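Please read the following note with the sequence and the model side by side.

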Amino acid sequence: MNLVRFHRPDLWRSPFDQLTNLREEINRLLESPLGDLDRDFEFFNVGSPVLDLYEDKDNLIVRAELPGMKKEDIDVSLHDGTLTISGERKVEKRGEDVEPSRSERFFGRFQRTFTLPKSVEFNKVTATYKDGILTVTLPKTEDSKPKQIEVKVS
Amino acid sequence: MNAIAKPEVREANNRTQACERACLIPRVNITETKDAYLLEAEMPGVNKNGLEVLLEGNELTLVGRRQSENVEAQLIYRESSPTDFRRVFVLDPTIDTGKIKAEMENGVLTLSLPKAEKVRPRKITISG
């Protein structure tokens with residue numbers, strides 16, 4: 001499992017703002033219930049999407065949290081049993097005299113790569129994007145599906 | 001340091017209050033324009049039906065509940081949190097709470113919090 005870390009482009013913020021943000025982030029970490037800790041460590045790994053992996057009889061299913069993206073800004077590629085999800089979250093122009101007062105969201109390029117636990121039919125992979133969740137469905141090859149072996153009595 | 005923080009939309013101090021189970025704090029951007037504050041909160045997996053925006057006095061509570069996922073598939077590896085999103089903000093009295101608008105798109109909630117007429121910048125023409 002490969003994690004790629006990205007620099008967060010702090011375009012508009014002064015160093016003071018960044019310090020305030022850091023302090024808030026630390027407060028957040030200290031105040032959150034224990035179960036949330038993993039998630040809060042995202043601070044050290046900004047921009048890389050959170051992933052879940054599911055398996056059913058025929059498919060491996062990968063769900064990635066990518067809120068506020070455009071479908072065309074997401075790239076999914078498969079190479080040698082390795083799935084890569086990458087893309088760019090672009091800053092939306094909100095007009096001229098706009099002043100940010102809190103910036104926690106990540107904007108910029110991100111990439112996440114990981115090795116699939118089973119071999120898949122790479123030409124039958126499909127992906128959908130809904131409610132900020134990317135779902136990649138990867139049909140398993142015949143070899144990696146469970147097989148019933150009949151025991152013969154001789 | 002506090003002097004540069006915008007006080008108009010601020011985090012409620014007891015932000016985990018009334019959170020029955022552990023909850024997830026959504027990432028938020030707030031921008032200010034001449035007429036309004038724009039609050040964007042990331043709640044991946046939440047759609048309009050799972051969203052709750054509550055206003056009690058000047059306290060704005062955002063709650064996002066995720067729809068149950070494909071139950072037939074078996075979970076192999078999980079990084080996401082199964083809990084609800086929740087975050088509480090305190091709005092400045094200069095925000096016109098009667099005109100708040102909410103929109104949900106691709107897992108991002110966008111709230112428009114308009115400033116009351118009286119605090120918007122106005123140009124005063126000099127007569128005479």
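1. A nonpolar core is a set of buried Ala, Val, Leu, Ile, Met, Phe, Trp, Tyr and Cys residues joined through C-beta atoms within 7 Å, where buried means that 20 or more other C-beta atoms, placed from the backbone, lie within 10 Å of a residue's own. The model is predicted, with local features needing pLDDT of at least 70 and side-chain atom pairs pLDDT 80 or more, while totals for chains, interfaces and linings use all residues. Residues are numbered from 1 along each chain as its sequence is written, and chains are lettered from A and ligands numbered from 1 in the order in which they are written.

2. Chain B has zero helices and nine strands (DSSP runs, H or I of at least four residues and E of at least two, numbered from the N terminus), and 30% of its 128 residues count as buried.

3. An open, antiparallel sheet of four strands in chain B has the order β1-β7-β5-β4, with β1 (9-11) and β4 (51-56) of chain B as its edge strands. Strands pair if DSSP finds at least two bridges between them; β1(B) and β7 (residues 85-91) of chain B are joined by three, and Val9(B) has Leu91(B) as its bridge partner.

4. The largest nonpolar core holds 23 residues, and Val9(B), Leu91(B) and Leu113(B) are among those touching the most other members. Elements giving two or more residues to this core include β7 and β9 (108-114) of chain B.

5. Leaving aside neighbours within four places in sequence, Leu113(B) is in contact (C-beta atoms within 7 Å) with residues including Val9(B), Leu91(B) and Ile100(B).

Terms used. A residue is buried if 20 or more other C-beta atoms lie within 10 Å of its own, exposed if 12 or fewer, and partly exposed in between; C-beta atoms are placed from the backbone. Two residues are in contact if their C-beta atoms, placed from the backbone, lie within 7 Å.
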